[in-house]
Amino acid sequence: MEDKISLEMVSKAERTTFLEHELRARRYFLLPAIANWEKECQQWHDNYNRRLESKRAYKAMGQEFEESADNAFSFPPSRPMHLPPAHPVGEATRGAICSIGCPGRRGDEEILDMWRRCRQDPLSWKPVPRTGVKEFATKKEKRVALAEDSPKFTSLDALLDNDKDQFFGDAPDAEARAFGVDAALMPGGEPPAEDEALPVSLPC
């Protein structure tokens with residue numbers, strides 16, 4: 001009987017791996033609830049401090065502090081947990097009956113759901129979304145498309161001929177001289193005649 005049970009069981013390594021990833025995902029998806037809980041705690045602290053200030057003010061004036069709906073005491077908000085809800089301690093210690101609204105029932109269903117998924121597929125834990133995956137894939141597709149659309153050159157001359165400003169064209173000589181650039185003064189350019197003035201001043 002024990003051998004049959006051991007054959008039907010999920011291995012310890014698979015159970016451990018499944019629980020590690022499943023609990024990691026549950027903690028990740030709990031982050032928004034924790035952020036709301038922190039805001040509620042801050043609001044609770046503010047209300048509690050105002051209540052203490054009111055009690056001290058009544059005591060300083062020698063009056064009795066009266067409880068009302070505005071300043072009534074309230075317990076701090078409960079912190080959300082990533083673990084499945086447990087049954088109350090009284091059910092085990094005092095033998096109390098598990099009521100219909102018992103949070104432990106919901107926890108049992110969550111545990112059974114994890115058990116069924118692990119039995120069906122040990123890799124079926126809840127995936128944690130990776131930030132930037134879609135953006136990275138989009139950028140990669142754009143790079144591949146640009147690489148495919150870019151012209152292929154088989155010689156250096158073809159590359160140099162294509163390496164020109166295709167949007168603005170070549171600058172006119174007069175415009176180039178206005179910025180201190182002259183082809184005659186470049187290496188390989190034709191020097192001006194002896195009686196022709198230099199179009200641009202030579203550097204000191």
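Ser-54 is partly exposed, with a relative accessible area of 28%; buried means under 20% relative accessible area, exposed over 50%, and partly exposed in between (1.4 Å probe, protein chains only). This serine lies in helix α3, residues 31–60. Helices (H or I, at least four residues) and strands (E, at least two) are DSSP runs, numbered from the N terminus.

The model is predicted: local features need pLDDT of at least 70, side-chain atom pairs count only at pLDDT 80 or more, and totals for chains, interfaces and linings use all residues. Residues are numbered from 1 along each chain as its sequence is written, and side-chain values use heavy atoms, with hydrogens and water left out.

The protein contains eight helices and zero strands, in the order α-α-α-α-α-α-α-α from the N terminus. Of its 204 residues, 13% are buried. The protein exposes about 17,500 Å², and carbon and sulfur atoms supply 57% of this area; accessible areas come from the Shrake-Rupley method with a 1.4 Å probe, and for residues only the protein chains shown count as cover.

A second residue, Cys-98, is found in the loop between α4 (89–93) and α5 (103–120). Cys-98 is partly exposed, with a relative accessible area of 22%. Leaving aside residues up to four places away in sequence, Cys-98 touches His-87, Glu-91 and Arg-105, where contact means heavy atoms within 4.5 Å. Among contacts in the protein between residues at least 6 apart in sequence, 50% join residues at least 24 apart.

Two C-alpha separations are listed below.

| Pair | Apart in sequence | C-alpha to C-alpha |
|---|---|---|
| Ser-54 and Asn-71 | 17 residues | 8.5 Å |
| Cys-98 and His-87 | 11 residues | 7.9 Å |
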